[in-house]
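Reader: Could you take me through this structure, beginning with how its elements are defined?
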Amino acid sequence: TQAIGIVGGERTVIGGNEARARNLIGGSSDVGVLISTFLGGGGSGNSIINNLIGLDKNGQAALANGDGIRINGASNVIRDNIVTGNTVDGIVLSGAGANGNAIIGNDIGGGLGVFSVVVGNGRMGVMVQNGAYGNQIGPDNRVGRNGDDGIRIFTDAGGRNRINGNRIARNDALGIDLGANSVSQNDNDPQ
């Protein structure tokens, strides 16, 4: 089960800008934060801000979830979180309902951000798949020390997913993998 689930909900804020609003989200065998549509609607306009997801309160040891954050909803904002120590992936955007989401200013994995954490997520830092389209990854994310790729866009993802202005380093595989097929050319952006 998920630690926090918003299924069909809209305009919910998890966390906040002030330190006292921060949540420690860990210990779920499935997912730390789930945002999803319900019967084809909702799951949009939510914000996940300034939380520790998969990490203990001191920022030094894993308090793992399966996935840190999983989104199948539209126009959600994931900002200023520390997402690391999860056994599977840090952030997953999955399904055609996952569109127009923004992932900005997060520490995803370890070794590059505010805390001196060396543990990353078990697989990808960010994974986009299964029809997710029109999402923004960046600017200002720090993606490092993940067990596979830093950011992976699968071939079954929709188009117009943008990756820009991030610091990506020290992942066990590629920094950015387009198509889950190792090194590939950037595609042409028709604008």
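Author: Helices (H or I, at least four residues) and strands (E, at least two) are DSSP runs, numbered from the N terminus. On that basis Arg 145 sits in the loop between S15 and strand S16 (151-153). The model is predicted, so local features need pLDDT of at least 70 and side-chain atom pairs count only at pLDDT 80 or more, while totals for chains, interfaces and linings use all residues. Residues are numbered from 1 along each chain as its sequence is written, and side-chain values use heavy atoms, with hydrogens and water left out.

Reader: What is the phi of Arg 145?
Author: Arg 145 has a positive phi of about 60°, although it is not a glycine. Most residues other than glycine have a negative phi. Arg 145 counts as partly exposed because its relative accessibility is 32%; buried means under 20% relative accessible area, exposed over 50%, and partly exposed in between (1.4 Å probe, protein chains only).

Reader: And Asp 80, where is it placed?
Author: Asp 80 is in the loop between strand S8 (77-79) and strand S9 (82-83). Asp 80 also has a positive phi of about 60° without being a glycine, and at 33% relative accessibility it counts as partly exposed.

Reader: Which residues does the cis peptide bond join?
Author: The cis bond joins Gly 138 and Pro 139, with omega about 10°. Pro 139 belongs to the loop between strand S14 (136-137) and strand S15 (142-144).

Reader: What is Val 126 in contact with?
Author: Leaving aside neighbours within four places in sequence, Val 126 is in contact (heavy atoms within 4.5 Å) with Ile 91, Ile 103, Ile 108, Ile 137, Gly 150, Ile 151 and Arg 152.

Reader: Are the faces of S10 covered or open?
Author: Both faces of S10 (residues 91-94) are covered, with Ile 91 and Leu 93 buried on one side and Val 92 and Ser 94 buried on the other. In a regular strand the side chains alternate between the two faces of the sheet.

Reader: How many salt bridges does the structure hold?
Author: It holds 10, a salt bridge being a side-chain nitrogen of Lys or Arg within 4 Å of a carboxyl oxygen of Asp or Glu. One of them links Asp 107 and Arg 142 at 2.3 Å, N to O. Asp 107 lies in strand S12 (residues 107-109) and Arg 142 in strand S15, so this pair ties together parts that are 35 residues apart in sequence.

Reader: And Arg 152, with which residue does it form a salt bridge?
Author: Arg 152 pairs with Asp 149, the closest N and O atoms being 2.7 Å apart, and both residues are buried. Salt bridges that share partners join Asp 148, Asp 149, Arg 152 and Asp 177 into one network.
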